[in-house]
Amino acid sequence: MPIINKLIEIETEAKINIHNITPQIKDFLASTSIKNGQVLIFSRHTTTALAINENEVRLLEDVKVFLQKLAPESDCYLHNDLHLRDVPENEPINAHSHLMAMMLTTSEIIPIVDSKLALGTWQSVLFFELDGPRKRTVFVQISGE
C-alpha cells in the first residue's frame, strides 16, 4: 500500500485566524493514484489546531469569539511568567493560545472513496492559527490503493 507525504505551508495573520485547507488537500489527492484509502492531516505546532466544520464566514467569527472566551488573552497564566522559565529571547506571551489549541485537535483522518475525500456537503478542513502571525506547516499523509 503506497503512503505519500506532503507539507502544506501557511502564512498566517495576527492573533486567531482560520484557513480552509481543503483545496490544497484535494489537489494533493488528485496528484496521486490513490482511489480508496485515507488522508491524515496533522498540525505540527502547539498553538495551532485543526477541525472539520463549515467554512462560513459568520460561523468562523463565532468560533473566534468562543475561543477567546474560553481562554482570554488578558487572563493571568503561569506559562506567561517568562522570567521564571528558560526561554529564547523572542518567546511570546501565549499561554491562552496553547489552551485554545488543547480544546481543539491536532489531527484529522478523512476516508478516500473513489479518488475523493468523503467529506459531507458542508464540511471543510479548517486550520486554526491561534498565535499568529507565523509561518506554519501542516503534514498531510495519503495512504491507500
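Lys 64 is buried, with a relative accessible area of 19%; buried here means under 20% relative accessible area, exposed means over 50%, and partly exposed lies in between (1.4 Å probe, protein chains only). The structure is a predicted model, in which local features need pLDDT of at least 70 and side-chain atom pairs count only at pLDDT 80 or more, while totals for chains, interfaces and linings use all residues. Residues are numbered from 1 along each chain as its sequence is written, and side-chain values use heavy atoms, with hydrogens and water left out.

Lys 64 forms a salt bridge with Glu 61, the closest N and O atoms being 3.1 Å apart. A salt bridge is defined as a side-chain nitrogen of Lys or Arg within 4 Å of a carboxyl oxygen of Asp or Glu. Both partners lie in helix H2, three residues apart, about one turn of the helix. An α-helix has 3.6 residues a turn, so residues three or four places apart point the same way. Glu 61 counts as partly exposed because its relative accessibility is 40%.

By this rule the count comes to five salt bridges. Among them is the pair Arg 85 and Glu 91, whose side chains meet at 3.4 Å, N to O. Arg 85 is partly exposed at 29% relative accessibility, and Glu 91 is partly exposed at 21%. Another is formed by the side chains of Asp 131 and Arg 134, at 2.5 Å, N to O. Asp 131 is buried, with a relative accessible area of 10%, whereas Arg 134, at 31%, counts as partly exposed.

The overall architecture comprises three helices and eight strands. Helices (H or I, at least four residues) and strands (E, at least two) are DSSP runs, numbered from the N terminus. Along the sequence, the elements follow the pattern β-β-α-β-β-α-α-β-β-β-β. The C-alpha atoms fill a box of roughly 55 × 35 × 20 Å, taken along the principal axes. Of the contacts with a separation of 6 or more, 84% are accounted for by residues 24 or more positions apart; contact means heavy atoms within 4.5 Å.

Buried residues make up 38% of the 145 residues. In soluble globular proteins, nonpolar side chains tend to be buried together. A nonpolar core is here a set of buried Ala, Val, Leu, Ile, Met, Phe, Trp, Tyr and Cys residues joined through side-chain atoms within 4.5 Å. The largest such core has 19 residues, and those with the most contacts inside it are Ile 21, Ile 25, Val 39, Ile 41, Leu 117 and Val 138. Two or more residues each come from strand S1 (3-11), helix H1 (22-30), strand S3 (37-43), strand S5 (107-113), strand S7 (124-132) and strand S8 (135-144). Apart from this core lies another, of 14 residues, among them Ala 49, Leu 67, Met 100 and Leu 130.

Two residues illustrate the packing. Leaving aside residues up to four places away in sequence, Ile 41 touches Ile 21, Ile 25, Leu 50, Thr 106, Ser 107, Glu 108, Ile 110, Val 138 and Phe 139. Phe 28 is found in helix H1 and is buried, with a relative accessible area of 8%. With residues up to four places away again not counted, Phe 28 touches Ile 4, Asn 5, Lys 6, Val 140 and Ile 142. The C-alpha atoms of Phe 28 and Gln 141 are separated by 9.6 Å, although these residues are 113 residues apart along the chain.

On the surface, Phe 66, Leu 70, Leu 99, Met 102 and Met 103 form a nonpolar patch with about 540 Å² of accessible area together. Helix H2 (57-70) and helix H3 (95-103) each give two or more residues to this patch, and H3 gives the most, with three residues. Patches are made of residues with over 30% relative accessible area and no salt bridge: like charges are joined within 9 Å, and nonpolar side chains (Val, Leu, Ile, Met, Phe, Trp, Tyr) within 5 Å. Leu 99 lies in helix H3 and counts as partly exposed, at 36% relative accessibility. The protein as a whole exposes about 8700 Å², of which carbon and sulfur atoms supply 53%; accessible areas come from the Shrake-Rupley method with a 1.4 Å probe, and for residues only the protein chains shown count as cover.
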